[in-house]
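Visitor: I would like to learn how to read ring pairs and helix packing in a model. Where do we start?

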Amino acid sequence: MRVPSPVGDWGIEANARAISRVFMPGESFRETPRVPAPLADAARQLTQYFARTRREFTIPLDDVEATDFQRAVWRVLERIPYGETRTYGDVAAALGRPRAMRAVGNANHANPWPILVPCHRVVAAHDLGGYGGGLEVKRFLLSLEGRAP
């Protein structure tokens with residue numbers, strides 16, 4: 001299912017239970033004619049987020065293949081409040097692995113649910129850092145949340 005935003009269309013894939021993946025603008029994905037309830041709910045919540053009327057998501061996320069470290073990083077990301085950022089070092093320190101900043105970046109890149117698990121809220125110590133959807137998309141998301149990059 002496609003969800004429009006000012007920086008392009010986002011894609012969502014789901015099964016009958018949960019959201020399996022969110023695709024950033026420019027990424028290709030397979031649309032299905034069937035719209036399971038979690039998919040419709042995710043599209044509604046993302047639309048509200050882009051309209052600045054939603055700050056938190058209540059969408060079930062599917063169990064995906066990932067390392068324990070990736071899962072731990074994603075749990076930390078879920079606790080970063082709307083409108084706030086953390087550095088890669090902050091996330092690494094929260095995991096008890098203060099030197100694992102690059103590994104945190106790699107786990108962010110592997111995040112299958114951008115926005116829902118807010119990897120865009122993680123920045124480098126002295127600049128924005130990277131973002132799989134491109135820095136224009138990261139700047140848009142941070143600005144949307146009132147966090148000027």
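Visitor: Is Y82 buried or exposed?

Guide: Keep in mind that this is a predicted model. Buried means under 20% relative accessible area. Y82 has 16%, so Y82 is buried.

Visitor: What is the relative accessibility of Y49?

Guide: The value for Y49 is 0%, so Y49 is buried too.

Visitor: How many aromatic pairs are there?

Guide: Rings pair if their centres lie within 6.5 Å. The count by this rule is seven aromatic pairs. In one of them, F23 with F29, the ring centres are 5.5 Å apart and the planes meet at 20°, so this pair is stacked. F23 and F29 are both buried.

Visitor: Which kind of pair do Y49 and Y82 form?

Guide: Their ring centres are 6.3 Å apart and their planes stand at 85°, so the pair is edge-to-face. Y49 belongs to helix α1 (residues 37-50) and Y82 to the loop between α2 (68-78) and β4 (86-87), so the pair ties together parts 33 residues apart in sequence. Y49 and Y82 also belong to a cluster linked by ring pairs, with W10, F50, F57 and F140.

Visitor: What describes two packed helices?

Guide: The angle between their axes and the distance between the axes. For α2 and helix α4 (residues 101-110), the angle is about 80° and the axes are 9 Å apart. The two helices, α2 and α4, are therefore roughly perpendicular.

Visitor: Which residues make the contact?

Guide: From α2 come F69, Q70, V73, W74 and L77; from α4 come A103, V104, A107, N108 and A110. Eight residues of this contact between α2 and α4 are nonpolar, two are polar and none is charged.

Methods: Residues are numbered from 1 along each chain as its sequence is written. This is a predicted model: local features need pLDDT of at least 70, side-chain atom pairs count only at pLDDT 80 or more; totals for chains, interfaces and linings use all residues. Side-chain values use heavy atoms; hydrogens and water are left out. Rings of Phe, Tyr and Trp (its six-membered ring) pair if their centres lie within 6.5 Å; planes under 30 degrees apart count as stacked, over 60 as edge-to-face and the rest as tilted. Buried means under 20% relative accessible area, exposed over 50%, partly exposed in between (1.4 Å probe, protein chains only). Helices (H or I, at least four residues) and strands (E, at least two) are DSSP runs, numbered from the N terminus. Axes are lines fitted to C-alpha atoms, for helices over the stretch in contact, and angles run from 0 to 180 degrees between N-to-C directions. Angles under 35 degrees count as roughly parallel, over 145 as roughly antiparallel, 65 to 115 as roughly perpendicular and the rest as oblique. Contact means heavy atoms within 4.5 Å. Ala, Val, Leu, Ile, Met, Phe, Trp, Tyr, Cys and Pro count as nonpolar, Asp, Glu, Lys and Arg as charged, and the others, Gly among them, as polar.
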